[in-house]
Structures are given as structure tokens and as C-alpha cells.
Amino acid sequence: MTLSIRRLCAATAITLSLIPFSARADGGFGAYLAGKQAFTEGSYQEAADYFERFLPDNPQDLSIVDGIINAYAAMGDFDSAAPYARQLADQGNISQVANIVVMIQAIKNGDWDQAHTYLEQGMSISPLVDGSIQAWAALADGRMSDAIEAFDAQSEIQGSSSFGVYQKALAYAYVGDFESADQLFSDAMDNGMALNPAAVIAYAQILSQLDRADDAIGILRRADPMAVNPMGNRMIRALQDGKTFAFDVITSPSEGLSEVFMSIASAVSADAPPSYTLTYAWSAHLLAPTKSDPIIMAAGTYAQTGRDDLAAQTYALVPDDDPRFIEAELGRAEALENAGQSEAAIEALRNLNRRFTAAPFVLYTLGDHLRRDEQYAEAEAAYTKALEMHAPDEEVRRLWFVYFSRGICRERMQQWDAAETDFRRALELRPGHPTVLNYLGYSLIERGEKLDEALALIEEAIAADPDNGAIIDSLGWAMYQLGSYAEATPLLERASELEATDPVVNDHLGDAYWMVGRKIEARFQWQRALSFDPAEKDAERIRLKLEVGLDAVLERENAPLDEPKP
């Protein structure tokens, strides 16, 4: 469902920066700047603390009040934001987030009449949201015709016609009129409307209620042709087994309004400030506390802004009986790893695998985490077990990355024949993929095998990805291994420009410089390589080159084992 929501949502919004500064004491101003900095960094609790600490010295400073509201809203703590939001709401329609907090507090307590009164008093969030509140309030009061009229009015707003249709279809399905809901979805899709994930599930449930399981399966497969959505896959299997799904995407008017806030959060997440997305996601959660979609949206937003600690805590809010629990746990594991807690991430995935033993994508992910933690034997076992879960005649093109990843593990475990088989299988499934071409080609070069083929593989990779520094380094290193040092040098120089902080690339360039007689520059590149924290084995070799020169190192490495080292 494509929505032109940003402009509509921003129509009544006045952000913190637009509220004029009052005269402040120096301490208040410093706290305000510190709070703003913390807020920008996503440290919302710290921001709220700064703003609250100095608010008593500047009680009339509405920008600090607004900062507190925004910080608490971004954390989903609307109870703490509420008294400040009411203070700003009493000042007039000057803060969209304050209005959201006040309105959500009323609706989540079931007071639709109060929400309607707020609208009549001029409290506005945006034309889109205001109209949705009016529509769902009418439905909560049993006035279906008024609700439909309000949804139709939404469809007349420029850029929101598909949104109004979606809301209207949900309303029909909520009251059990599945035929009307189906007609709306069908007509909209014929007119090019794309369905968001929630709409796909809603429509599939509607079709299931109409005893049209095949059509429901078709909708699910069209939305997820690669079959990567666990919830959709489970629905398909259940429909194939004859199960009929109840319509439970929304079970109350407040859940219907929650979909409004979720749709907006999704629509603006790509380029709106993270706090804006978070405010809408947490609003959706408060209106539908049993739904996991808003939680996962909030957690993903925290992760995208580098707040992996908050992301992990938020993913953990999804209960283990929720259809999206697996997805939440996969997200939590990634957040834990990004936060430097690799062991906790791996343990979470192991627990998930123990519970969902028939979910190969859990094993893929466990294998990826183990591989990145250099636990290659366990990673290889996880990939192998996952691959064994697929039937021989199953479409496996999407599994190229699993074969590739297992090949990496086998290569690191000195099982080259098995690794090469996996790399070539990955290329069969994904012909011409530059990463696979490069890894196989580079590995062959390092082994001194099939150098002509290796060179061809890397040249093909560069043709597919000409600005990839790692691949250009591979080509330069291939030329180096072939003894074409003059030809290798400019390639390695280009690679070092593209991968300026890669220790391997800088080390390779140093070797090439040495071989063409540019020994001062060679030592400079080796020193650069050391500064970028190479693996200890590589660091030892670099230090030895700096001490005795590359010629002496190569002489030592090529000497027979029983011959004393020079």
C-alpha cells in the first residue's frame, strides 16, 4: 500500500526547533543543549533527564517541555510524557507529539468521546490521523454509516486514497462484512495498490473466511515470492491443510486506529527523524498492546540508529507465543551481536533452534553468527543441517548464500575440496555473483592453483562490481602472484584508495611496492597495515617484513623445514 503520508502528517506539526526560546539562565541553556545532543544520539532517557533537571529554572520555556515530551514518547513512556503534553495542549495546537500523547492516553483508556471532544476543540495531529480518529470513534459508538462516510472522506484527501480504502476494508471485515472488504481489496489491487505486510495478512484472512483458500495462498505467495516470511509460510501450510483463519488483524476500534499509526510509522521510517517513527510505533503499540508489529518496528528503528541495547530490550517484549516471535528473536540476536554480546546472541539462537527444530532459517542465522565468531566447525554443522532440511526437488536458488557461507567455514577449516565444491554450487545457484566469484578466485590464488581460471573469475567479478576495492585487490594480488608486479601495483593502489583502512589491502600494496623497488613506500604501507589491527598472524609477518625486508621473509618461508632459518 503506497501512501503519500509525510506531507499530510506534517501539516499541523510544529517541531521543537520552531518553538521560540525564552530568556534562560545559563544552566538551563546548557542543559537544553546537552538534552538536544543526547536526543539526537538516541539517548532519550538521558535527554529527558537533562530537560527535567533544569525545567524548574525555566518553567515557561516550552521548548524544554516539548523536549521532555519527545524524549519520553520516543521511549514509549506516554505516562511520563502525559502531564507535560497536557501542559502544551493547554497552550494551543503547538506540538504534534504533545497532541498525540494526549489523544492516545484518552483512546487507550476507552474514552472515545473525550478524543472526539479534543478534535472539536481544535486539537489536531494531522488531517489523516484526525479523520481516522473520527471514523473509528464512530465505529466504537456503533455508527457504521458515519464511519464509512469518514473513511470515504479520507480517500478524498490527495495522496491518501489507498489508505482510506484499506481502513474502510478493515472496518467492513471487523463487523463481519467480508464480501465488501474483499471487493475493496480486489478493486484497489486491480488499480495498482500494493499491500503492506499487515494488509496481506488481513486480506488472506478475509479470503479464508470466504472459503477461498487458494486465492488466499495466491495473495500470500505474490507478496512473498521468495518465501522468507515465517508467518506467511505458516499460513500457507495451514490453508493447504484445510484450516480456516479467523479475522483478527483488528479486534477493536482501537486496534483499527493502531493500524493508522503503524502505516504512518512505516511510511515515514526511511527519511523522518527516528523519534518521529518511534512515536508513531509506540502509539500503535499502546492502542493494540497484544500486537507485535509496533514492537518490532520500534526495535528495528532503535537498531538502525545504533541503539542496539534498546533494540534488544524491545525485541524481548514480543511474547514467545506470538506469530512473529521467531522474527523478533532473530532481530534480538543481531542487536546483541552488534552490541558486542556475541555469546548472548548465539545462545539466544541456540535456544530458538531447540524450540523450532523445523525452521532452517533459524539454523542459517545461527551459522552466520557462529561463522562471524570464528566457530567454524559449529557453523559448518548448522549450515549442513539446515541444507538437509530442504527436499531435493525444492527450489533452492535462494540458498546460494548458505552454500557460500558453508564454503567459507570449510576453507577456514582447511577442507579445501569441500569448500571449493560449495563455492561452485553457490555459483550454479547464483551465476555471476561478484562476491562468490571473488572469494573463489582469491582462494585459488592464495593456494597457487588454477591461476588462469582464478584470474578470469576475478575479472568477471570486477566487471559485475567495478568499484569494489576488495575485488580490485584480488585482481592486483593475482597479478602479483603471477609475478606481474608492475601491472599489479596500480591495481593495488586503486584498491587501497577504495579500502583505505583494510589491513590486508595495505599489506598487499606494500609487498607490490617492495617488488618494484619502492621500498620506502613499502615500509610505509606495512606500517599503515599494522595500524588497522590485522589478524595477529598477519601482524607478526608484517613486523618481520619491517625488520628484515620482504626478500628475507620469503626466503625463510620457502626454505626446507629442516634447513635453519637465516
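1. A charge is taken to sit over a ring if NZ of Lys or CZ of Arg is within 6 Å of the ring centre and within 35 degrees of the ring normal. By that criterion the charged end of Lys-519 sits over the ring of Trp-514, at 4.5 Å from its centre, and the charged end of Arg-425 sits over the ring of Tyr-403, at 5.6 Å from its centre.

2. On the basis of the values: this is a predicted model, in which local features need pLDDT of at least 70 and side-chain atom pairs count only at pLDDT 80 or more, while totals for chains, interfaces and linings use all residues. Residues are numbered from 1 along each chain as its sequence is written, and side-chain values use heavy atoms, with hydrogens and water left out.

3. Salt bridges, defined as a side-chain nitrogen of Lys or Arg within 4 Å of a carboxyl oxygen of Asp or Glu, come to a count of 33. One of them joins Arg-212 to Asp-182, with the closest N and O atoms 2.7 Å apart; this pair links distant parts of the chain, 30 residues apart, since Arg-212 lies in the loop between α12 (197-209) and α13 (213-223) and Asp-182 in helix α11 (residues 178-190). Helices here are DSSP runs of H or I with at least four residues, numbered from the N terminus.

4. Accessibility is classed as buried under 20% relative accessible area, exposed over 50% and partly exposed in between, with a 1.4 Å probe and protein chains only. Asp-182 is therefore buried at 11% relative accessibility, whereas Arg-212, at 29%, counts as partly exposed.

5. Arg-350 forms a salt bridge with Glu-378 in which the closest N and O atoms are 2.4 Å apart, and the pair links helix α20 (residues 342-355), which holds Arg-350, with helix α22 (residues 376-388), which holds Glu-378, across 28 residues. Arg-350 is partly exposed at 23% relative accessible area, and Glu-378 is likewise partly exposed, at 39%. Elsewhere, salt bridges that share partners join Asp-507, Asp-511, Arg-541, Lys-545 and Glu-557 into one network.

6. For the aromatic side chains, rings of Phe, Tyr and Trp (its six-membered ring) pair if their centres lie within 6.5 Å, and planes under 30 degrees apart count as stacked, over 60 as edge-to-face and the rest as tilted; the count comes to 18 aromatic pairs. Phe-404 and Tyr-439 form an edge-to-face pair, 5.7 Å centre to centre with 85 degrees between the planes. Phe-404 lies in helix α23 (residues 400-412) and Tyr-439 in helix α25 (residues 434-447), so the pair ties together parts that are 35 residues apart in sequence, and both residues are buried.

7. Tyr-439 also pairs with Phe-423, and this pair is tilted because the centres are 5.1 Å apart and the planes lie at 50 degrees. With Phe-423 in helix α24 (residues 416-429) and Tyr-439 in helix α25, the pair ties together parts 16 residues apart in sequence. Ring pairs link Trp-400, Phe-401, Phe-404, Trp-416, Phe-423 and Tyr-439 into a cluster.

8. Asp-368 is found in helix α21 (residues 360-372) and counts as buried at 16% relative accessibility.

Conventions
Helices (H or I, at least four residues) and strands (E, at least two) are DSSP runs, numbered from the N terminus.
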